[in-house]
Amino acid sequence: MNKIASSIAPLLRNWTLCIGVVLLVIIFGMAISASWVFPHDPYDMVGPPLSWPGAYEGMWLGTDSLGRDIAAGIFHGARVSLLVGFVSAAVAVVVGAIVGALAGYYGGVVDTVLMRITELFQTIPQFMLAIVLIAVLGPSIETIIVALGAVSWPTVARLVRGEFLVLRERAFVLSCVVMGMSDMRIIFAQILPNALSVISVMSTILVATAILMESALSFLGFGDPNVITWGTMIGMGRDQLRDAWYIIAIPGGALLITALALNLVGEGLNDALNPWLKKREA
Amino acid sequence: MMPATATERGAPLLEIEDLRVAVRGRTELEVLRGLSLRIWPGETLAVVGESGCGKSITSLSVMGLLPEALQQIGGQLRFAGTILPTGDNAAMRKVRGRRIGMVFQEPMSALNPVIRIGDQVAEVILEHEDISRAAAMERVVELLAQVGLPDPARLAHEYPHRLSGGQRQRVVIAMALACRPELLIADEPTTALDVTVQAQIMRLLKQLQKDLGIAILLITHNLGLVAQTADRVAVMYAGRAVEEADTITLFSAPRHPYTQGLLRATPRPGGRREGQLPLVEIPGMVPSIRQLFPGCRFEPRCTHASAVCRSIDPPSHTEGATRVQCHHPISTLEALS
């Protein structure tokens with residue numbers, strides 16, 4: 001028990017990580033509790049349109065131009081944002097890590113081929129590629145996840161390749177080879193764990209980027225029409241921007257806080273996992 | 001104990017015959033120029049020589065792990081009677097770790113920093129043997145105890161940074177011996193360690209050799225270590241074994257002028273009081289592989305050189321218990337004086 005306490009203590013002193021995690025937990029709580037707190041469809045009209053926050057009992061974040069409860073939208077939208085953010089980041093990390101690991105470990109022709117493919121993806125603007133993919137595949141949660149994963153893996157691949165180029169020269173890799181270990185085992189069981197700290201920091205940023213991109217897609221009308229997302233809400237509120245700015249500001253604020261929380265977690269993890277940066281503070 | 005002759009000892013475990021390794025694509029630049037060595041089961045053969053003479057390349061050749069820039073252009077490696085498939089990576093994988101183990105110079109970086117000691121040693125066993133993880137872990141604890149680590153069950157759960165250099169080298173040895181290889185290649189196993197720890201590690205290696213009957217190929221430039229631990233010694237110079245003999249013979253009666261030079265350049269405690277000459281260095285440097293000349297590679301630095309040394313590379317010949325490559329080997333009487 002003491003051992004656990006002593007390993008958690010330095011993490012608690014890391015305030016960026018703490019704040020980030022607390023915010024994320026709250027957002028996760030909203031997403032999970034959405035069906036109980038707001039059992040009705042968030043697209044249902046539940047009150048008079050354009051009522052300001054607090055103007056009516058039970059609609060403490062107000063309603064939009066069609067009388068839909070904004071609070072319900074925020075809670076239900078959190079589900080989509082987190083789902084899309086985490087799953088597409090996971091897709092990007094898995095694909096990127098495999099490509100980067102193989103390229104960095106084998107070098108030579110394998111590296112050249114894989115890196116040219118990666119660069120091919122990187123030269124196309126990410127957002128444009130995502131829009132094209134969704135236009136081709138049709139808008140749904142799954143295609144958005146696939147599209148966002150497809151545009152963000154190259155960054156992971158480059159990062160992991162860089163790590164592998166350094167790590168593969170370390171003596172422990174040679175001692176694995178000398179022990180007759182297979183390449184796959186060396187790559188994924190021996191070297192990859194050494195790159196995990198960098199990958200985990202990277203993936204928090206990826207989640208934040210994916211959530212923002214999903215909102216942007218929804219705002220432009222490329223989102224899944226069957227589910228409410230923060231981006232959809234912002235998109236639908238833009239006509240009332242002058243007289244009812246809260247319709248945009250509330251989901252916008254939710255997005256801001258989520259992205260901020262993820263960045264804080266990433267920063268905090270970086271401090272906690274990267275021993276070289278600790279010296280900077282001292 | 002008198003050294004047994006080759007016929008009495010039976011077949012050698014590892015036989016390196018006329019091994020030639022050169023720069024890939026430029027075969028005239030030879031790093032190993034017809035190296036021949038033999039190791040019998042259960043003995044320790046020390047390979048000594050200065051930096052760049054091809055000691056490490058020899059061990060990498062045996063493992064089939066020559067760097068990309070080098071290629072084997074001739075010769076044969078026979079292990080336990082069969083030819084080592086050094087060019088076939090998949091076939092060599094079954095030999096590495098399982099039949100030939102290897103220990104490196106750097107115990108600090110030879111362990112994966114993010115994997116627990118026990119899991120690292122278990123990986124080796126799991127790679128080669130079809131047993132459960134739990135059974136492998138039991139073997140690991142036994143192994144860690146065998147290499148003299150205190151409280152092995154607890155240590156198995158620690159990460160490498162919690163161990164000292166000597167302890168890490170013991171773990172590396174445990175990993176090399178995990179699958180009971182017949183041959184252990186130790187490439188400068190104690191160079192990075194404190195002198196007191198060096199002695200402990202060497203004693204451990206000798207003890208394990210006695211218990212498990214493994215042969216050890218000890219690569220080093222430390223002649224003191226050789227005198228204490230090796231059964232036989234091969235002296236390498238510029239990619240060849242210029243002299244190969246049992247340890248006592250080599251130290252008491254070196255036949256090759258280079259061996260004699262090496263011994264004269266090694267300090268001995270009390271040497272001056274007993275009338276030993278001050279340390280004598282060998283003049284000059286090892287010729288670069290780019291310098292091509294027909295004669296003996298040691299000729300430019302040799303005090304015994306004659307015209308024939310300049311024109312003909314000396315072949316290997318056996319004199320008594322010694323195999324030497326020299327046109328004018330130092331006679332036994334001269335060496336003893």
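In the predicted model, 14 residues of chain A are in contact with 23 residues of chain B, two residues being in contact if their C-beta atoms, placed from the backbone, lie within 7 Å. On the side of chain A that touches chain B, helix H7 (171-178) and helix H8 (183-219) each supply at least two residues. H7(A) gives the most to this side, with 5 residues. By class, the side of chain A that touches chain B comprises 7 nonpolar, 5 polar and 2 charged residues; here Ala, Val, Leu, Ile, Met, Phe, Trp, Tyr, Cys and Pro count as nonpolar, Asp, Glu, Lys and Arg as charged, and the others, Gly among them, as polar. Residues are numbered from 1 along each chain as its sequence is written, and chains are lettered from A and ligands numbered from 1 in the order in which they are written. As the model is predicted, local features need pLDDT of at least 70 and side-chain atom pairs count only at pLDDT 80 or more, whereas totals for chains, interfaces and linings use all residues.

Chain A has 11 helices and 0 strands; helices (H or I, at least four residues) and strands (E, at least two) are DSSP runs, numbered from the N terminus. The C-alpha trace of chain A spans about 75 × 55 × 30 Å along its principal axes. Of the 282 residues in chain A, 41% are buried, where a residue is buried if 20 or more other C-beta atoms lie within 10 Å of its own, exposed if 12 or fewer, and partly exposed in between, with C-beta atoms placed from the backbone. Among contacts in chain A between residues at least 6 apart in sequence, 68% join residues at least 24 apart.

Helix H3(A) has 37 residues and reaches 52 Å from its first C-alpha to its last, close to the 54 Å expected at 1.5 Å a residue; the expected span is 1.5 Å times one less than the number of residues. Just after H3(A), Gly107(A) takes a positive phi of about 65°. Tyr105(A) lies in H3(A), which covers residues 70-106. This tyrosine, Tyr105(A), counts as buried because 23 other C-beta atoms lie within 10 Å. Leaving aside neighbours within four places in sequence, Tyr105(A) is in contact with Phe164(A), Arg168(A), Ile187(A) and Ile191(A). Tyr105(A) and Arg168(A) are 63 residues apart in sequence, yet their C-alpha atoms are 6.3 Å apart in space.

For helix H6 (residues 141-167) of chain A, the 27 residues should span 39 Å at 1.5 Å a residue, and the end C-alpha atoms are 37 Å apart, which agrees. H6(A) bends by about 35° at Ser152(A), and Pro154(A) follows within four residues. The bend at a residue is the angle between axes fitted to the seven residues ending there and the seven starting there.

In chain B, an open sheet of 4 strands has the order E2-E1-E4-E5, with antiparallel pairing; two strands pair if DSSP finds at least two bridges between them. Strand E2 (26-39) and strand E5 (82-83) of chain B stand at the edges, each with a single partner strand, so one side of each is left without a neighbour in the sheet. Strand E4 (residues 70-79) of chain B is joined to E5(B) by 2 bridges in the antiparallel sense, and Phe79(B) has Thr82(B) as its bridge partner in E5(B). In the loop between E4 and E5 of chain B lies Ala80(B), which has a positive phi of about 50° although it is not a glycine. Ala80(B) counts as partly exposed because it has 15 C-beta neighbours inside 10 Å.

Strand E7 (residues 183-187) of chain B is mostly covered, with 5 of its 5 residues buried. Leu183(B), Ile185(B) and Asp187(B) point one way from E7(B), and Leu184(B) and Ala186(B) the other way. Strand E6 (residues 100-103) of chain B runs parallel to E7(B) and is joined to it by 4 bridges. In this pairing, Leu183(B) is the bridge partner of Ile100(B), and Leu184(B) is that of Gly101(B). E7(B) also pairs in the parallel sense with strand E8 (residues 215-220) of chain B, over 5 bridges. E7(B), helix H8 (residues 195-212) of chain B and E8(B) make a right-handed β-α-β unit; a crossover is right-handed if, with the strands pointing away from the viewer, the path from the first strand over the helix to the second runs clockwise.
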